[in-house]
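Could you show me around this protein in the viewer, one selection at a time? I would like to know what to click on next and what is there.

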Amino acid sequence: MAIIINEVSRTFNEYLIIPGLTRKQHTPDKVNMQAPMVRFKKGEDPAITLNIPFVSSIMQSVSDSGMAKALAKEGGVSFIFGSQSIKDQCRMVRQVKNYKAGFVESRANITPESTLKDVIALKQKTGFSTIGVTEDGTATGVFCGLITGRDYRENRDSLDKKVKDFMTPINDLIYAKNGITLTEANDIVWDHKLNTLPILDENQRLVYFVFRKDYDSHKLNPNELSDVNKRLVVGAGINSRDYAERVPALVEAGVDVLCIDSSDGHSEWQKGTIEYVKREIGKHVLVGGGNVVDKEGFLYLVEAGADFVKVGVGGGSICITREQKGIGRGQATALIEVAEARDAYFKATGEYIPICSDGGIVQDYHMTLALAMGADFLMMGRYFARFDESPTRKLLIGGNYVKEYWGEGSNRARNWQRYDMGENDNSNSLKFEEGVDSYVPYAGKLKDNIDVTLGKIKSTMCSCGVSSLKQLQSEAKLTLVSSTSIIEGGAHDVMVKDAKN
């Protein structure tokens, strides 16, 4: 018969944190949220230290260059999705590495021959009110003009009106040449009372926008995560099929860290991928592995050379792996076991291999629980998919704004490599879905939300009497909760007022 593990597989929702002694020095402004991201030896520093313990999921609906830039500014890392061509993924990596603070690539563009109806649809889709007009409608096309809310009246102008007939043309705009410094650009913005300054190359192609609202934005991002050359840090997802071609291209593009995107990391396919990267491309290439749910899976990837290990199978909000295949483990139980294995490995070898908790986060306090249970950092998809910076459409459904969100195991993503079991039929197709296509409630800007989330985590840490994530892991006290105590923990026995009244 099968080996039976009688331990109950538990989730974050089954735990609470017991408060500790809060001393006077325990204030949120003194809490250190830094976390190691990749393996390091005792007494040394890791090659990458996160300033906040958050990374975004390797998903089409979450992590593109826009999300990567926004999250790096806050101190985390995005893993640009790998279910696209090598060329396109490398282009996104370069966009992040070439990013200049204050210089913004246009993410809403249209052609002169488009109509007002197209403009309104684009604004609804992207949420951006400033739209670049280029000959081909791309972010780097020959610049023709600019559209803002002042250029049209949505309820009175004809929806068939051509963009070229109401845009502000280039001849009526003040613009600057590429190569200008941010200080010089901001001086032009303020001297001419502009809201937007287009930056063009020598061929009149659009390169960046500089916005008045972004003035001194660098002061708002004290946790920005950058490399030794002051460029933003960015990650990328890879698979166990085309790594020999994809990884060298990503390294050449400037990627800082890689992660194998797989629903099951305890496999010879993943071991072979890591070993190849380290042997043939370079030991300096940082690559994480996963996902695993127990000690055996963790040690298997560590011995293969993984620089960090992701923990979690079937716990994502759009993941139906457990439902389809009956495999997985409660995220809390999986994380606790792997954290114990990591600590034992460190004690025995002097090498620390960080673990990343991937999945199972429903409430913000679950993040604190995951960190207390041993996670060095968290990978999240649903959390980041809700924000302006995610690459999906913003829609109005049932009177509420939502954003699209789909799993890599869904037919929409068709990321068959993530669920590849090594078949030789080369069908390049999903045999069955392990993810769903869905919506998540729209939540606004990443920065606004992440500030609130970090505030909650820091406040909880102060209540525990700790000032760092390492202290949280070693000193926090957790308790199991009953179903009735969960009810007790929310609003109960009252009539909650309608927030609209």
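Here is a short tour of this predicted model, moving from a strand to the cores, the cysteines and a loop.

**Stop 1: strand 19.** Start by selecting residues 355-358, which form strand 19. Colour the side chains by face: Ile 355 and Ser 357 lie on one side, Cys 356 and Asp 358 on the other, and all four are buried.

Next, bring in residues 377-380, strand 20. Strand 20 runs parallel to strand 19 and is joined to it by three bridges; Asp 358 finds its bridge partner in Met 379. To see how the chain gets from strand 19 to strand 20, follow it through helix 10 (residues 364-372): this β-α-β crossover is right-handed.

**Stop 2: the nonpolar cores.** Select Phe 54, Leu 258, Phe 298 and Phe 384. Within the largest nonpolar core, which has 82 residues, these touch the most other members. Zoom in on Phe 384 and leave aside its neighbours within four places in sequence: its contacts include Phe 54, Val 55, Met 67, Leu 446 and Ile 450.

**Stop 3: the cysteines.** How many disulfides are there? The count comes to zero. Select Cys 259 to see one example: the nearest cysteine sulfur belongs to Cys 356 and is 7.1 Å away. Cys 259 is buried, with a relative accessible area of 0%.

**Stop 4: Thr 392.** Finish in the loop between helix 11 (382-385) and strand 21 (394-397), where you will find Thr 392. Is Thr 392 buried or exposed? Thr 392 is buried, with a relative accessible area of 6%. Show its side chain and look for a polar atom 2.9 Å from the backbone oxygen of Glu 404. Leaving aside neighbours within four places in sequence, Thr 392 is also in contact with residues including Ser 61, Lys 125, Ala 385 and Trp 406.

Technical notes
Residues numbered from 1 in each chain as written. Predicted model: local features only at pLDDT ≥ 70, side-chain atom pairs only at ≥ 80, totals over all residues. Heavy atoms only, no water. Buried < 20%, exposed > 50% of the residue type's maximum accessible area, 1.4 Å probe, protein only. Helix = DSSP H or I, 4+ residues; strand = E, 2+ residues; numbered from the N terminus. Pairing = 2+ DSSP bridges. Right-handed = clockwise from strand over helix to strand, strands pointing away. Core = buried A, V, L, I, M, F, W, Y, C linked by side-chain atoms within 4.5 Å. Contact = heavy atoms within 4.5 Å. Disulfide = S-S within 2.5 Å. Polar contact = N/O pair within 3.5 Å; in protein donor to acceptor, adjacent residues only side chain to side chain.
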